[in-house]
Amino acid sequence: MKKAYRIMSGAIFITLIISGMAGAFEISAGNVSGKPGEPLLVPVNISNVGTGLNLDAFSFMMQFNSGILSFDETTGIDKTGTLTENFTLVKGKVIENGKLKINGALFGTPLLAGNGLLLKIKFSATSKGTSELKLSGFIDDVKASATKDATITVVEIGDIDHSGKIDLKDAVLTLKVLAQIGLGGQVVYKDADVNGDGKIGLEEAVYILQHIY
Ligand SMILES: [Ca+2]
Ligand SMILES: [Ca+2]
């Protein structure tokens, strides 16, 4: 194993050369849903690492919909309780609109990582909508990884059928849930919960009726 450090324009690039390493592991982001104005914590997981993965430098890109999500470079990466908790630095930087570059470096003995949570990426939801999260550009220790993309859904509270707006249909559906009347196959989404109890009930009915009248 050989390490080479290069310093270029104030940034540190670390290249770790591991001979004969076959990369069949996978990096994937988790699906998340939330509400406008709320922070959304996206888990990035590493799996299928077999006997373990030597980790002390990695980088990858994540594309997101900047129309509904924003990323804060100072608070946007959360490594607490993750595989990169003891890394010297893990940073996320918006390199162009809707494109984030995530770097991690451990100045010390490489970590032998098993399957688990690599890090968490915190977005803020600015408005309702859907964002694909596309992972790409894996280099250094995560170079040979396969990926699985994810979706973030930001819903408006009270929009219990996810139609994109709050209207009479949401009121009728909520009243049917309350009266325990069959919904005729219509799906009701609990993430449109208004008061945080995880259920669709009277609070949602009141909120929706106030909203539409
Ligand atoms: Ca609706
Ligand atoms: Ca509720």
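This is a predicted model: local features need pLDDT of at least 70, side-chain atom pairs count only at pLDDT 80 or more; totals for chains, interfaces and linings use all residues.
1. Met62 has Leu135 of strand E14 as its bridge partner. The strands concerned are E7 (residues 57-63) and E14 (residues 129-140), which run antiparallel and are joined by 5 bridges.

2. E7 and E14 belong to an open sheet of 6 strands. Reading across, the order is E4-E16-E14-E7-E11-E10, and the pairing is mixed. At the edges stand strand E4 (32-34) and strand E10 (89-96). Each of these two has a single partner strand, so one side of each has no neighbour in the sheet. On average, and with direction ignored, neighbouring strands of this sheet are turned by 20° against each other.

3. Which residues of helix H1 (residues 168-178) are buried? They are Asp170, Ala171, Leu173 and Thr174. These residues lie on the same side of H1, because the arc they cover around the axis is only 165°. Helix H2 (202-212) is included in what covers the buried residues of H1.

4. How do the two helices run relative to each other? The axes of H1 and H2 come within 9 Å and cross at roughly 160°. An angle over 145 degrees counts as roughly antiparallel, and H1 and H2 are therefore roughly antiparallel to each other. The crossing in which H1 passes H2 is left-handed. On the H1 side, the contact is made by Leu168, Asp170, Ala171, Thr174, Leu175 and Leu178. On the H2 side, Leu202, Glu204, Ala205, Ile208, Leu209 and Ile212 take part. Asp170, Ala171 and Thr174, listed in this contact, are also among the buried residues of H1.

5. Gln180 follows H1 and lies in the loop between H1 and H2. Its phi is positive, near 55°, in a residue other than glycine. Is Gln180 buried or exposed? Gln180 counts as exposed, because it has 6 C-beta neighbours inside 10 Å, and 12 or fewer is the cut-off for that class.

6. Asn48 is another point for the backbone check. Asn48 is not a glycine, yet has a positive phi of about 60°. The loop that holds Asn48 runs between strand E5 (39-47) and strand E6 (53-55). Asn48 counts as partly exposed, because 14 C-beta neighbours lie inside 10 Å.

Key: Residues are numbered from 1 along each chain as its sequence is written. Chains are lettered from A and ligands numbered from 1 in the order in which they are written. A residue is buried if 20 or more other C-beta atoms lie within 10 Å of its own, exposed if 12 or fewer, and partly exposed in between; C-beta atoms are placed from the backbone. Helices (H or I, at least four residues) and strands (E, at least two) are DSSP runs, numbered from the N terminus. The arc is that of the directions from the helix axis to the C-beta atoms. Two residues are in contact if their C-beta atoms, placed from the backbone, lie within 7 Å. Two strands pair if DSSP finds at least two bridges between them. Axes are lines fitted to C-alpha atoms, for helices over the stretch in contact, and angles run from 0 to 180 degrees between N-to-C directions. Angles under 35 degrees count as roughly parallel, over 145 as roughly antiparallel, 65 to 115 as roughly perpendicular and the rest as oblique. A crossing is left-handed if the near helix is turned anticlockwise from the far one by less than a right angle, and right-handed if clockwise.
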